[in-house]
Amino acid sequence: MSGTTRAIRVHAHGGPERLRLEDVPLPPPGRGEVRVRHTAIGVNFIDTYHRSGLYPLPLPAVLGSEAAGVIEALGEGVHELAVGARVGYCSAGPGAYATRRNVSASKLVPLPDHVSDELAAASMLKGMTVEFLVQRCFRVTEGMTVLWHAAAGGVGLLACQWLSAMGVTVIGTVSTDDKAALAKAHGCAHPIVTTREDFVLRVKELAPGKLPVVYDSVGKDTVHRSLDCLAPRGLLVSFGNASGKPEPLELLTLGQKGSLYVTRPSLMTYVASREELVASATTLFDAIGRGWVRPEVRHRYALADAAEAHRALEARETTGSIVLVP
Ligand code: NDP
């Protein structure tokens, strides 16, 4: 049962050129583990942080946080899953950029018939992020207006669809007119093209009383100005660093700008227990079943070309979800 897996590993943090396709030893699944043969692997911005060292990993490391596939073997003590079952995961830690992998059974979610392996890999991490951000981190409700940065990205397009289906008005930032049209087609009522429009001024025009919540995954370039889009007692959700790590925030600023709140959440904290993980995945799969969220793979790369996927993602050339084909 032991053997090797073909995997994308980094031996040192750095740019996409650090990614190497290698044969890596794969032991039999341990107690509580399952071996999964991957059929589709999700690419997420966090993979670039793991690669660059912004979120350092013990090295050498296989990258990748999300995949779907078929169970090949069960370790000791695993009774609730069966060989041949289709599963997906997005909270098992790095190691998904591989043809096969051992994963803790507690992190696997069975995939329903209406969610293909590829759509699971395109939507679990991103869609469950939208779920926890709009339902649990802050409860967005019908009639609200929110600001979502990077509205044409992987998380962004799913957020636009989900929020518009909830009756929420989405103001979204994007860098090009093509991305604005795409975000609009996915439910973003007011795309703002940041390369020629000031998003703070535009938000003040669109929502003079300003907003109850801003979702900011761009980080360094936007976080401090995002505070200026909030109504008094509003919440800034800083959940990513696509443009780099945000500069430190002076707490007094929150008082001066109107008793604001800030949170820096991570999906892993919100799906830490088995109950939360299953509930979040179930909510996403239900939203897909109802047609509120319609994930699509907008970019496909061979596993061997993962470096090219990273380059394109960081160069802002991609929209929506990216999947690696093992
Ligand atoms: P995206 O597909 O959204 O790609 C990132 C987007 O950010 C780009 O397309 C680009 O859109 C925008 N961007 C703005 N400035 C830059 C820059 N300097 N360099 C690169 N991109 C920039 O990625 P994902 O959907 O995978 O992730 C979106 C964000 O959400 C990431 O920041 C990620 O870390 C975060 N995230 C956080 C989670 C959490 O638990 N906290 C979970 C999942 C994702 P444009 O060109 O239109 O500006």
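Close-up 1. In total, 26 residues surround the ligand, and the closest are Tyr 49, Val 155, Ser 175, Lys 179 and Leu 267; a residue belongs here if one of its heavy atoms lies within 4 Å of the ligand. Please keep in mind that this is a predicted model, in which local features need pLDDT of at least 70, side-chain atom pairs count only at pLDDT 80 or more, and totals for chains, interfaces and linings use all residues. Residues are numbered from 1 along each chain as its sequence is written, and side-chain values use heavy atoms, with hydrogens and water left out.

Close-up 2. Look for Tyr 49, where a polar side-chain atom lies 2.7 Å from an oxygen atom of the ligand. Pro 265 brings a polar backbone atom to 3.0 Å from a ligand nitrogen atom. At Leu 267, a backbone N or O atom lies 2.7 Å from an oxygen atom of the ligand. Such polar contacts are pairs of N or O atoms within 3.5 Å. The ligand taken alone exposes 910 Å², and the protein buries 91% of that (areas by the Shrake-Rupley method with a 1.4 Å probe).

**Close-up 3. Strand 10 pairs with strands 9 and 11**. Strand 9 (residues 145-148) runs parallel to strand 10, joined by four bridges, and Thr 145 stands opposite Thr 169. On strand 11 (residues 190-193), also parallel to strand 10 over four bridges, Val 193 faces Val 174. Strands count as paired if DSSP finds at least two bridges between them; strands (E, at least two residues) and helices (H or I, at least four) are DSSP runs, numbered from the N terminus. Five of the six residues of strand 10 (residues 169-174) are buried, so this strand is largely enclosed by the rest of the structure. Buried means under 20% relative accessible area (1.4 Å probe, protein chains only).

**Close-up 4. Trp 162 sits in helix 3**. Trp 162 is buried, with a relative accessible area of 1%. Its C-alpha lies 9.1 Å from that of Gly 291, although Trp 162 and Gly 291 are 129 residues apart in sequence.

Note on methods. Buried means under 20% relative accessible area, exposed over 50%, partly exposed in between (1.4 Å probe, protein chains only). A polar contact is a pair of N or O atoms within 3.5 Å; within protein, one must be able to donate a hydrogen and the other to accept it, and residues adjacent in sequence count only if both atoms are side-chain atoms.
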